[in-house]
Structure formats: C-alpha cells, structure tokens
Amino acid sequence: MNGPHDTDDIDRIQHGLAALREEVAKRIVGQSAVVEQLMTCLLCDGNALIESNPGLGKTTLVGTIAEATDLSFSRIQNTPDLMPADITGTEIIRESGNTREFVFEEGPVFANLVLADEINRATPKTQAALLEAMQEKQVTTAGETRELPRPFFVLATQNPIDQEGTYPLPEAQTDRFLLKILVEYPSRDEERAIVDRYTTGAPDPAVDRVLSRQDLMRAQQLTRQVPIADDIRDRVIDLVRATRTAEDVEFGASPRASMGLVLAAKARAFLKGRSHVSWEDVEAMAHPVLRHRLIVDFRAEREGITPDEIVADLL
C-alpha cells in the first residue's frame, strides 16, 4: 500500500465510499451504524444477517446500495413453500422448430447482491441451498456446478425468532454470516423526517452510481492489506477465546470469529480513512461479529441475559 498508484487508488476509492454513504442518506434517514456495518461487510466480501421488526427500510437500504455501486440486485421473499430450485434455478425444455434442448434458467441467487427476506420463514432445505451458495460462491444443479457472479453477497433479514411460523437458523449456519446487524426503531425526529419524505407524493430521491464493481473489488483487496499491530491481533484472539469459557455461555465463538473480527476491524479502519487498525475498531465490530456466535446457557437465557451483554462484559 505504499506506491504512488496505490495511494491514488486508496484516495479515489475512499472518496467513492464516502459518496456511497451520502447516496444512501438520500433515501435512508438515520441508521448510520447499520449503514457503516453493511459497508464493512461489503469490504470484507462477507454476508450479513439483518434482524429487525418489519417496516424499518431494510429492502430500501439494500436496494439503494446496489443502485449506487453498479451491482446487480435480486430479492428473494422466503416462504415455507419456497423450494431450493426457486432460488438456484432450474433446467427447462426449450423447443425450437423440431429440436428440443435443456436450458438452465438462472434463479435469483445469480446476482451480485442478494437480499434474502425473512430467511427464517424458509424451510431448512431451502435455507441450506442459500447457505451453500454463500459459502461456496457457486451452486450445483442437475449435476453441474455453476459459478456465481463476483462480488457476491447475501444480506439476509430475519424477524425476531419468537414470531409464529419461523424456522430458526442452526448455529453452524449462522456462523457463516460475518455480521449480525440489529436495526432499531428510529428516534422521534427521524420518524418525523421519514413521514415527511415519503408521504408527499414526491418520487423517491434519485441515486447516483458512485462506486464501480471493479473499485469495490479493489477496495476488498486494500482492506486485507490494512496493518494490525500484533498486540491488537492477540487481544482479538484472547477476546474470542474468552467467549468459550465465559460464565452464562454454553457454546462460544469459533476461530472463524477471530478471523472475522480482525477483518471487520480492518474494514472499519479503511472506511474511516485510517492506515491501521485501532482497538476502537475492534470494540465497534465486536458485537455484530460475535452476537450470533454465542449460545447463552439455559439459566442465563431464563434471566434475560443477552449475547450483547456478555460481549460488553468481556470487552
């Protein structure tokens, strides 16, 4: 990251990332932490699980990011009757004159940015098909393996688990999401701004394309090159290892969490325009990286102790 061309690259891309945040703000009121965490996920080439109640603008947010970055975008509305082939695609017979041939028709997973709405309403078989695509960046249909477009991100939303008709994701599958992002209700002033913006009959604000697909992939390379001091890296490892022996925790986080937290901290430092990782970056990313990887024990769950409270204590 030292040559003059690298410096030009970094300046141009960081300017593009700042512009992306401004484009998102044209349509999304507030939610700055959520936007920052989503952008962090893109820089890490990771997937995110977004949890909130309905009606908080998740679809608008993800669609706006796709529009401003020249990424192809598709949305999957998960329901209990959705089949794996509805996501991955299927072979159909196409007739032309006297000839018939099998043609593969791509499913909605063949996009750069896939919004999987209400993933916990899909059956485990359909969830597994989507999670295979996330992990392998490819799908296998009719015995043939097909590469997914790059970059490839799945941003999955889920309702709070206690709602009727949901199939909770198994722990081994939630571990494949780099971040679990919580979207909170807006403040009173933010809600007033949302009402004013979307009840006047005016069209949605236009969004400019400010970051190319190539620039985003270059940003992913640069993110991994951000240096992290040995002592901060070791503190990250100690933090993750501490989740495995912490009181109130039945199962702690795996080494995948250590890698994810280091990478997410690098991405946040890059987003902030800094040349190295600080402990502040680790603290900011610890909750979204760890909250879905900790299983609290029965007693703690009964007392209402949350993974976020355990992470805060460990920090």
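Modeller: The expected span of a helix is 1.5 Å multiplied by one less than its number of residues. The model discussed here is a predicted one.

Colleague: How far apart should the ends of α5 be, and how far apart are its end C-alpha atoms?

Modeller: Helix α5 has 13 residues, so at 1.5 Å a residue it should span 18 Å. Its end C-alpha atoms are 18 Å apart, which agrees with that expectation. The buried residues of α5 are T126, Q127, A129, L130, L131, A133 and M134.

Colleague: Is K137 buried or exposed?

Modeller: A residue counts as buried under 20% relative accessible area. K137 has 12% relative accessibility and therefore counts as buried.

Colleague: Where does E118 lie, and what is its phi?

Modeller: E118 is in the loop between β5 (113-117) and α5 (124-136). Although E118 is not a glycine, its phi is positive, at about 55 degrees.

Colleague: Which peptide bond is cis, and where does its proline lie?

Modeller: The bond from R150 to P151 is cis, with omega near -10 degrees. P151 is found in the loop between β7 (144-147) and β8 (153-158).

Colleague: Strand β8 also holds Q158. Is Q158 buried or exposed?

Modeller: Q158 counts as buried, because its relative accessibility is 5%. Apart from neighbours within four places in sequence, its contacts include L49, I50, E118, N120 and K180. The C-alpha atoms of Q158 and A202 are separated by 30 Å, and these two residues are 44 residues apart along the chain.

Colleague: How should one read the side of a helix that faces inward? Which residues of α9 are buried?

Modeller: An α-helix has 3.6 residues a turn, so residues three or four places apart point the same way. In α9, the residues I232, V236, L239 and V240 are buried. They cover an arc of only 95 degrees around the axis, which puts them on the same side of α9. The buried residues of α9 pack against α10, α11 (279-290) and α13 (307-314).

Colleague: What span should α9 have, and what is the distance between its end C-alpha atoms?

Modeller: Helix α9 covers residues 230-242, and its 13 residues should span 18 Å at 1.5 Å a residue. The end C-alpha atoms are 18 Å apart, so the two values agree.

Colleague: How many residues does the largest nonpolar core have?

Modeller: In soluble globular proteins, nonpolar side chains tend to be buried together. The largest nonpolar core here has 67 residues, and L113 and F270 have the most contacts inside it. Helix α10 (residues 255-271) gives the most to this core, with ten residues. A second, separate core has 22 residues, including F104, V154, A156 and F177. As for L113, its contacts beyond four places in sequence include L42, V62, I65, F73, F153 and L155.

Colleague: How many aromatic pairs does the structure hold, and over the face of which residue does R235 lie?

Modeller: A pair of aromatic rings is described by the distance of the centres and the angle of the planes. This structure holds zero aromatic pairs. R235, however, lies over the face of W279, at 3.8 Å from the ring centre.

Terms used:
Residues numbered from 1 in each chain as written. Predicted model: local features only at pLDDT ≥ 70, side-chain atom pairs only at ≥ 80, totals over all residues. Heavy atoms only, no water. Core = buried A, V, L, I, M, F, W, Y, C linked by side-chain atoms within 4.5 Å. Buried < 20%, exposed > 50% of the residue type's maximum accessible area, 1.4 Å probe, protein only. Helix = DSSP H or I, 4+ residues; strand = E, 2+ residues; numbered from the N terminus. Contact = heavy atoms within 4.5 Å. Arc of directions from axis to C-beta. Phe/Tyr/Trp six-rings, centres within 6.5 Å; stacked < 30°, edge-to-face > 60°. Lys NZ or Arg CZ within 6 Å of the ring centre and 35° of its normal.
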